[in-house]
Amino acid sequence: MSSLVVCSLFHLEETARLHGAREMVTLLSDANQVERPPSVDPARHLLLSMNDIAARREGMQSPEDGHIRDLIAFARDWQRSAPLLIHCWMGISRSTAAAYIVASALNPALEEEALADELRRRSPTATPNPRMIALADGLLDRRGRMIAAIKRIGRGAEASHGTPFLLPLEAA
């Protein structure tokens with residue numbers, strides 16, 4: 001079974017090693033640099049530079065359609081021989097949104113609410129970035145269902161960073 005593994009920058013090296021990740025998505029602002037774990041192929045590392053904001057703000061890079069298109073295209077090229085590692089600064093907002101988006105894009109039969117429930121079950125701290133979810137909802141023609149499902153699970157528990165977790169591409 002193919003899975004996505006989600007973590008914070010703090011847990012990146014350990015999580016990559018533990019899961020044998022060879023492909024990775026990084027969601028950080030331009031101000032933040034990341035050292036790619038040795039197991040990750042440089043050609044299979046997607047860096048999406050964006051701030052964790054829900055609306056456009058001057059001086060900050062908000063998530064945009066291009067970011068989501070790049071994420072979906074990268075995920076569709078994923079070899080699936082090892083988990084796809086997705087991380088952001090805290091492992092709570094941008095990375096959990098990206099994992100939800102990737103799972104939705106790669107398995108259109110997944111029901112949005114069931115996937116959101118599975119995300120919450122696996123990560124009590126997950127608070128997916130609402131702008132990323134809204135952009136993906138439009139691009140994937142989900143007609144508001146992704147937005148509604150993420151809104152329904154609400155804000156996750158407070159934490160300094162999320163605990164790494166796996167999100168399968170198939171419904172549990």
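Contact here means heavy atoms within 4.5 Å, and that is the idea to carry with you through this model. The structure is predicted: local features need pLDDT of at least 70, side-chain atom pairs count only at pLDDT 80 or more, and totals for chains, interfaces and linings use all residues. Residues are numbered from 1 along each chain as its sequence is written, and side-chain values use heavy atoms, with hydrogens and water left out.

Let us start with helix α3, residues 94-106. Helices (H or I, at least four residues) and strands (E, at least two) are DSSP runs, numbered from the N terminus. In α3, Thr-96, Tyr-100, Ala-103 and Ser-104 meet Glu-112, Leu-115, Ala-116 and Leu-119 of α4. The residues of this contact divide into 5 nonpolar, 2 polar and 1 charged; Ala, Val, Leu, Ile, Met, Phe, Trp, Tyr, Cys and Pro count as nonpolar, Asp, Glu, Lys and Arg as charged, and the others, Gly among them, as polar.

How do such helices get described? Two packed helices are described by the angle between their axes and the distance between the axes. For α3 and α4 (residues 112-122), the angle is about 140 degrees and the axes are 11 Å apart. Axes are lines fitted to C-alpha atoms, for helices over the stretch in contact, and angles run from 0 to 180 degrees between N-to-C directions. α3 and α4 are therefore oblique to each other; angles under 35 degrees count as roughly parallel, over 145 as roughly antiparallel, 65 to 115 as roughly perpendicular and the rest as oblique.

Helix α3 also packs with α5 (residues 130-139), their axes coming within 9 Å and crossing at roughly 20 degrees. That makes α3 roughly parallel to α5. On the α3 side, Arg-94, Ala-97, Ala-98, Tyr-100 and Ile-101 take part, meeting Met-132, Ile-133 and Ala-136 in α5. This contact holds 7 nonpolar residues, no polar ones and 1 charged.

Buried means under 20% relative accessible area, exposed over 50%, and partly exposed in between (1.4 Å probe, protein chains only). After α6 comes Gly-154, with a positive phi near 70 degrees.

Now for helix α1 (residues 12-19), where Leu-12, Thr-15 and Ala-16 are buried. These fall within an arc of 100 degrees down the axis of α1, so they line one face of the helix. Among the elements covering them are β1 (3-8), β2 (23-28) and β4 (84-88). On the other side of α1, Arg-17 and Leu-18 are exposed. Glu-13 also lies in α1 and counts as partly exposed, at 41% relative accessibility. Leaving out residues up to four places away in sequence, Glu-13 touches Pro-37 and Pro-38. Just after the helix, Gly-20 takes a positive phi of about 65 degrees.

A last stop is Ser-29, in the loop between β2 and β3 (45-49). Is Ser-29 buried or exposed? Ser-29 is buried, with a relative accessible area of 10%. Beyond its neighbours within four places in sequence, Ser-29 is in contact with Met-50, Asn-51 and Arg-94. The C-alpha atoms of Ser-29 and Gln-61 are separated by 7.3 Å, although the two are 32 residues apart along the chain.

Definitions and conventions:
The arc is that of the directions from the helix axis to the C-beta atoms.
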